[in-house]
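Dear colleague,

Please find below the structure that I am handing over to you, together with its sequence. My notes on what was found in it follow directly after.

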Amino acid sequence: MIPHSSPAIRAQRVVFALLVALAVLSPAVRGDAAASDLAANAPTASSVSKPAARVPARCASNGDYVWNHLRTCGWAASGNTGPRSSACPNGRLVDRGTVARSVHRIRRDGAVVACRDFLGCLSIEARNVTVRDVRVRCTSGKTGESANGTGVITIHNGASAKLTRVRTDGMKGVHACVWHAGTRATITKLDCSGVDDGVFSWANTAYSKTTGDNVTLRDSYLHGFTTRTANGHVDGYQTVGSSHGVIAHNTFKMTTDDGNWSTSAVAIWNAYRSSRDFVVRGNLIAGGGFSIYAQDYDPSAANPEGGFSVTDTHFTDNVFSRRLFGCVGSYGVWFPRGAPTDRWNRSGNKVLETGQRIDARNPTYQGRTCN
């Protein structure tokens with residue numbers, strides 16, 4: 001039998017309980033340094049990783065399903081690229097400019113441009129510029145080859161920029177979404193359309209020996225091209241002689257406004273300088289004449305134009321789709337005339353709809369090898 005407590009004993013127990021409660025209160029109340037460290041390192045709602053969304057099994061081989069559900073299947077699309085108004089003050093982008101042919105210039109090193117909706121092209125003329133959550137629509141007002149070298153966003157000689165969550169529309173009057181003639185371009189989650197080329201790394205030796213080098217293009221959606229500007233050589237990414245590039249986990253849907261096929265998703269040439277050290281990895285690609293060009297420029301690898309070369313270029317784990325053509329590109333995937341100077345470096349590349357491995361050759365379609 002438990003004896004009843006006296007009023008004095010009960011009061012002591014209440015005081016003791018209060019002391020215990022105080023001992024386990026938050027560090028801010030206790031002023032306990034050790035407890036503060038624990039609280040600082042404790043996981044929070046924002047720091048705990050959410051489990052990855054389960055990708056439907058149909059994403060592995062059903063091309064129609066993949067292209068109709070790009071986001072669900074883990075690919076870049078209109079919904080997970082481009083600016084987020086939710087990341088901006090008052091939940092909106094601020095309008096800048098009223099004339100599509102105008103140019104907005106950024107000339108301060110380290111400038112950060114965010115949450116803007118530009119009408120008019122963007123000219124980056126400084127180092128370490130950041131552009132995020134921005135839309136840019138513009139036209140050069142030119143057609144055909146007179147539009148060569150124009151960009152919705154141009155990174156000029158000596159400049160460098162990080163572009164993330166940007167949507168560009170060339171309005172069928174600009175050569176490229178991003179014209180990179182600077183020292184470095186890091187591009188992520190770009191939504192690019194309305195141009196002849198998606199991202200162009202320009203290798204003008206009149207500027208410097210490194211113009212157009214150091215380019216990264218990741219998690220971006222390149223689609224809706226036009227043949228009305230520049231030279232009609234429509235490519236998702238193109239260089240004519242730059243080095244040190246990563247082209248990773250992008251969606252290249254190489255459609256054009258006139259119904260003709262485009263040239264390629266990725267074209268790595270050596271017309272003006274040698275091209276080297278490129279990794280093209282984990283992209284989803286449909287269309288092109290041939291989807292991939294990587295070769296010593298005409299007339300042959302044995303006698304390349306200008307004596308320049310294409311070396312240390314790797315194509316890894318890319319997924320090629322028959323969405324537009326049975327051969328992926330109109331003719332095939334790999335341009336068969338010529339090859340990189342040090343030969344092809346290909347591994348893990350396959351056709352989405354059939355699972356066919358195409359590291360050693362072009363795919364087959366209707367019983368023949370595409371070429």
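The lining of the largest pocket in this predicted model comprises 8 nonpolar, 6 polar and 1 charged residues. The space in this largest pocket is about 300 Å³. It is lined by 15 residues, and those closest to its centre are F200, N231, Q238, V240 and Y272.

The second largest pocket holds about 210 Å³ of space. Its lining is made up of 13 residues, with V103, C121, T150, G151 and T154 nearest the centre. By class, 3 of the lining residues are nonpolar, 8 are polar and 2 are charged. Three strands, β2 (103-106), β4 (121-124) and β6 (151-155), each contribute at least two residues to the lining of this second pocket. Strand β4 gives the most, with 3 residues.

A disulfide is a covalent bond between the sulfur atoms of two cysteines. The count for the model comes to 5 disulfides. When the bonded cysteines are numbered in sequence order, the pairing reads 1-2, 3-4, 5-6, 7-8, 9-10.

- The torsion about the S-S bond is 90°, and the link is right-handed. The pair joins distant parts of the chain, 17 residues apart, with C121 in strand β4 and C138 in the loop between β5 (129-137) and β6. C121 has a relative accessible area of 11% and is therefore buried, and C138 is buried at 0%.

- C59 and C73: the sulfur atoms are 2.0 Å apart. The S-S torsion is about -75°, so this disulfide is left-handed. C59 sits in the loop between α3 (33-41) and α4 (63-68), while C73 sits in the loop between α4 and β1 (94-96), 14 residues away. C59 counts as buried because its relative accessibility is 8%; C73, at 9%, is buried as well.

- C88 and C115: here the sulfur atoms are 2.2 Å apart. With a torsion of about -90° about the S-S bond, the disulfide is left-handed. The relative accessibility of C88 is 7%, so C88 is buried, and C115 is buried with a relative accessible area of 5%.

Two residues deserve a note on backbone geometry. Most residues other than glycine have a negative phi. R165, however, has a positive phi near 60°; this residue is found in strand β7 (residues 160-180). D312 likewise is not a glycine and has a positive phi of about 55°, and D312 lies in strand β19 (residues 310-316). D312 is partly exposed, at 34%.

Finally, some values for the protein as a whole. The protein has 4 helices and 25 strands. Of its 371 residues, 47% are buried. Among contacts with a separation of 6 or more, 70% are between residues 24 or more positions apart. The accessible surface amounts to about 17800 Å², and carbon and sulfur atoms account for 51% of that surface.

With kind regards

Methods. Residues are numbered from 1 along each chain as its sequence is written. This is a predicted model: local features need pLDDT of at least 70, side-chain atom pairs count only at pLDDT 80 or more; totals for chains, interfaces and linings use all residues. Side-chain values use heavy atoms; hydrogens and water are left out. On a 1 Å grid over the protein atoms alone, a cavity is a set of points where a 1.4 Å probe fits but cannot get out, and a pocket is an open set with protein on both sides within 12 Å along at least five of seven lines; lining residues have an atom within 4 Å of a point. Grid points are joined across faces, edges and corners, and a volume is the space filled by probe spheres set on the points. Ala, Val, Leu, Ile, Met, Phe, Trp, Tyr, Cys and Pro count as nonpolar, Asp, Glu, Lys and Arg as charged, and the others, Gly among them, as polar. Buried means under 20% relative accessible area, exposed over 50%, partly exposed in between (1.4 Å probe, protein chains only). Contact means heavy atoms within 4.5 Å. Accessible areas come from the Shrake-Rupley method with a 1.4 Å probe; for residues, only the protein chains shown count as cover. A disulfide is a pair of cysteine sulfur atoms within 2.5 Å.
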